[in-house]
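Have the sequence and the 3D view at hand as you read.

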Amino acid sequence: MALIGDKEYFKGIGEIKYEGRESDNPLAYKFYNPEQKVAGKTMREHFKFAMAYWHTLCGTGGDPFGPGTKNFPWAVSSDAIQAAKDKADAAFEFVTKMGFDYYCFHDFDLVDEADSLAESEKRIHEIVEYLKQKQEASGVKLLWGTSNCFSNPRYMNGAASNPNFDVVARAGAQVKIALDATIALNGENYVFWGGREGYMSLLNTNMKLEQDNIGRFLNMAKDYARSQGFKGTFFIEPKPMEPTKHQYDFDCATSINTIREYGLENDFKLNIEVNHATLAQHTFQHELQVAANAGMLGSIDANRGDYQNGWDTDQFPNNVLETAEAMLVFLKAGGLQGGGVNFDAKTRRNSTDLEDIFLAHIGGADTFARALLLADEVLQKSSYESLLDKRYGSFKSGKGAEFVAGKLSLNDLYEHANTHGEPEQISGKQELYENIINQYS
Ligand code: XUL
Ligand code: CO
């Protein structure tokens with residue numbers, strides 16, 4: 001492989017190809033066929049699959065009960081820049097071998113943060129120059145960049161929502177540098193996930209000031225990026241909790257309110273993560289639908305949670321039927337606006353072979369592909385759409401249509417109810433809808 005640099009980290013693994021569901025090759029796609037057209041677009045275009053730098057290259061499997069278990073061969077140099085370059089080599093080898101077109105990063109996934117802001121900025125500049133070359137050589141692109149304003153202890157009380165202005169300013173400097181990096185790498189979007197933007201106790205919190213400060217901060221970031229020629233979309237990534245108890249960007253509905261309240265609706269959309277939806281007690285498809293209704297279905301962080309526990313396990317997607325319900329929303333909304341499907345997911349702590357990272361991403365891509373095919377078949381071939389249409393048929397004509405057109409008053413409803421007697425009992429037919437999904441699986 002000429003494109004991947006001098007060293008090869010994933011030895012013995014070549015390009016992952018589509019071989020179809022009859023294939024027994026674990027290192028092949030069974031359903032993700034990048035050039036196959038579904039509903040007018042290739043799968044590659046629909047999904048814009050991306051690798052997440054943090055899980056795939058940085059996360060060695062540490063948890064509160066023990067250290068990391070994964071010995072990444074790119075994480076050996078004690079020189080920060082050399083280590084960053086090795087990691088970049090591994091990243092581009094991986095993305096290229098997967099046949100993906102995109103990657104995503106936090107600033108300090110790329111290179112370790114230094115002791116001072118100035119030195120950190122220097123390091124980021126250096127690695128960005130290197131990444132530019134890697135992008136050019138491989139054709140791999142940056143789906144989105146972001147800044148990690150949650151790991152460093154200085155952000156323990158928040159970043160943009162910190163009660164201390166000095167910390168807010170420090171977060172601003174970090175976002176400026178991350179925006180510069182994203183723009184230099186032709187990043188297509190920029191993400192804000194507010195892991196520490198929220199509170200642990202209302203007793204010590206001025207919620208109104210903190211939220212207004214976030215609004216000011218996001219506007220500043222947007223204005224700066226636009227002044228530097230950034231044409232992409234900004235995404236807020238909702239999450240209800242973890243690490244903070246009450247995160248301000250709780251779910252899509254809350255985040256849409258933030259976007260509208262602070263006048264950001266022309267520039268911001270949502271990046272929706274499966275496990276964040278479930279932590280908010282919603283389904284993923286619910287969150288996609290809320291975003292789509294607001295014209296803000298921007299991007300997806302693909303993963304899944306675990307039904308038996310209540311935290312962000314970030315497992316790779318593997319539930320076809322659930323993902324198919326999400327793909328119904330996805331297709332009916334006309335896909336994503338600007339974003340793609342980023343695997344914000346990690347292999348388990350005891351999955352220690354480098355090959356496991358490939359198997360995990362193959363499984364995730366196949367789950368989305370199979371779900372897309374299923375959803376498309378349901379829309380094309382089944383009675384699903386006509387059933388749904390019929391369910392709301394009463395709004396198509398007569399008084400129902402006048403109601404939708406805004407032509408009725410409450411008195412008109414009163415008159416209608418008085419002349420029509422007890423409404424007919426009409427079944428919701430949920431089981432029939434569920435059976436239709438199953439039929440095409
Ligand atoms: C955390 C999470 C983040 C964001 C980017 O749960 O999803 O990795 O995607 O900061
Ligand atoms: Co995420």
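## The cobalt site

Along the sequence, the donor residues of the cobalt ion (ligand 2) follow the spacing E-x35-E-x27-D-x42-D; donors are N, O and S atoms within 2.8 Å of the metal (3.2 Å for Na, K and Ca), and water is not among the atoms, so sites may look incomplete. E273 sits in strand β12 (residues 268-273) and D301 in strand β13 (residues 297-302), so this pair ties together parts 28 residues apart in sequence. Strands (E, at least two residues) and helices (H or I, at least four) are DSSP runs, numbered from the N terminus. E273 and D301 are both buried, meaning under 20% relative accessible area with a 1.4 Å probe, protein chains only.

E237 (OE), E273 (OE), D301 (OD) and D344 (OD) coordinate the cobalt ion (ligand 2) at 1.9 to 2.1 Å. Its six donor atoms subtend angles of 82 to 173°, which makes the arrangement octahedral (six donors, opposite ones over 155 degrees apart and all others between 65 and 115).

T367 belongs to helix α12 (residues 354-381). It counts as buried because its relative accessibility is 6%. Leaving aside residues up to four places away in sequence, T367 touches P317, N318, N319, V320 and T323, where contact means heavy atoms within 4.5 Å.

## Reading the model

Residues are numbered from 1 along each chain as its sequence is written, while chains are lettered from A and ligands numbered from 1 in the order written. In this predicted model local features need pLDDT of at least 70, side-chain atom pairs count only at pLDDT 80 or more, and totals for chains, interfaces and linings use all residues, while side-chain values use heavy atoms, with hydrogens and water left out.

Notes. Four donors count as tetrahedral if all angles lie between 85 and 135 degrees; four count as square planar and six as octahedral if opposite donors are over 155 degrees apart and all others between 65 and 115; anything else is irregular. Buried means under 20% relative accessible area, exposed over 50%, partly exposed in between (1.4 Å probe, protein chains only).
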